[in-house]
Amino acid sequence: MYFDDSFRRERKRLKNWRLKAPMEPSERSDQLIARLTDWRGKTLAIVRKTILGADREIIEEWKWMGSPVWSEDGIIAVGNAHKDKVKLTFSHGASLPDPDKLFNAGFGGNTWRASDFFEGDKINERALKNLIRAAVDYNRIKLKKKTPVGSRAKVRKAKER
């Protein structure tokens with residue numbers, strides 16, 4: 001079987017990627033945003049900054065075939081850049097209050113909801129922060145319900161003097 005040079009180069013690149021130091025999720029997100037040289041990169045950068053600014057405990061991860069994921073006590077949202085939009089999908093969006101009507105996609109499912117941002121859309125950063133905080137609160141409540149009663153930290157009342 002004969003291979004052309006491009007196949008050999010690609011095979012070598014795939015073989016050697018494991019030898020390089022793995023990138024941090026934030027570095028991967030930086031690279032993704034830098035690769036998106038149009039409005040999608042700017043929009044994803046604003047979304048990312050808003051999410052990370054909503055709560056200092058939020059962790060940025062990298063999952064699902066190259067998508068930034070933000071979590072705190074569970075997944076909050078996944079960000080994706082598509083050809084014509086930037087999609088922010090909330091894993092428990094159906095359970096979150098959305099008084100500012102940020103959700104405009106994903107109403108067919110029972111759990112998730114999404115916000116699609118198109119070219120020229122203005123992002124309501126205040127409303128997005130509130131939605132992120134609601135997702136964090138939802139994750140904390142859900143986590144407390146899953147924690148066995150015997151393993152919860154006991155709170156003791158201080159004795160009155």
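Guide: With the helix angle: axes are lines fitted to C-alpha atoms, for helices over the stretch in contact, and angles run from 0 to 180 degrees between N-to-C directions. The model itself is predicted. In it, the axes of α2 and α3 lie 9 Å apart, and the two helices pack at an angle of about 150 degrees.

Visitor: What makes α2 roughly antiparallel to α3?

Guide: Angles over 145 degrees count as roughly antiparallel. The angle here is about 150 degrees, and therefore α2 is roughly antiparallel to α3.

Visitor: Which residues of α2 and α3 meet?

Guide: From α2 come Ser-26, Ser-29, Asp-30, Leu-32 and Ile-33, and from α3 Gly-41, Leu-44, Ala-45 and Arg-48. By class, this contact has four nonpolar, three polar and two charged residues. Gly counts as polar in this scheme.

Visitor: Why is Lys-87 called buried?

Guide: Buried means under 20% relative accessible area. Lys-87 has 15% relative accessibility, so Lys-87 counts as buried. Its place is in strand β4.

Visitor: What joins the side chains of Lys-87 and Asp-116?

Guide: A polar contact of 2.8 Å joins them. The cut-off for a pair of N or O atoms is 3.5 Å, and the value of 2.8 Å falls within it. Leaving aside neighbours within four places in sequence, Lys-87 is also in contact with other residues, including Val-78, Gly-79, Asn-80, His-82 and Ala-105.

Visitor: What makes a set of residues a nonpolar core?

Guide: The residues must be buried, belong to a list that includes Leu, Ile and Phe, and be joined through side-chain atoms within 4.5 Å. The largest such core here has 27 residues, and those with the most contacts inside it are Ile-76, Leu-88, Phe-90, Leu-128 and Ile-132. At least two residues of this core come from each of α2, α3, β3, β4 and α4. The most come from α4, with seven residues.

Visitor: Which residues does Phe-90 touch?

Guide: Not counting residues up to four places away in sequence, Phe-90 touches Ile-76, Ala-77, Leu-96, Phe-103, Trp-112, Arg-113, Leu-128, Leu-131, Ile-132 and Ala-135.

Visitor: How many helices and strands does the protein have, in all?

Guide: There are four helices and five strands, in the sequence pattern α-α-α-β-β-β-β-β-α. Of the 161 residues, 34% count as buried.

Key: Residues are numbered from 1 along each chain as its sequence is written. This is a predicted model: local features need pLDDT of at least 70, side-chain atom pairs count only at pLDDT 80 or more; totals for chains, interfaces and linings use all residues. Side-chain values use heavy atoms; hydrogens and water are left out. Buried means under 20% relative accessible area, exposed over 50%, partly exposed in between (1.4 Å probe, protein chains only). Contact means heavy atoms within 4.5 Å. A polar contact is a pair of N or O atoms within 3.5 Å; within protein, one must be able to donate a hydrogen and the other to accept it, and residues adjacent in sequence count only if both atoms are side-chain atoms. Angles under 35 degrees count as roughly parallel, over 145 as roughly antiparallel, 65 to 115 as roughly perpendicular and the rest as oblique.
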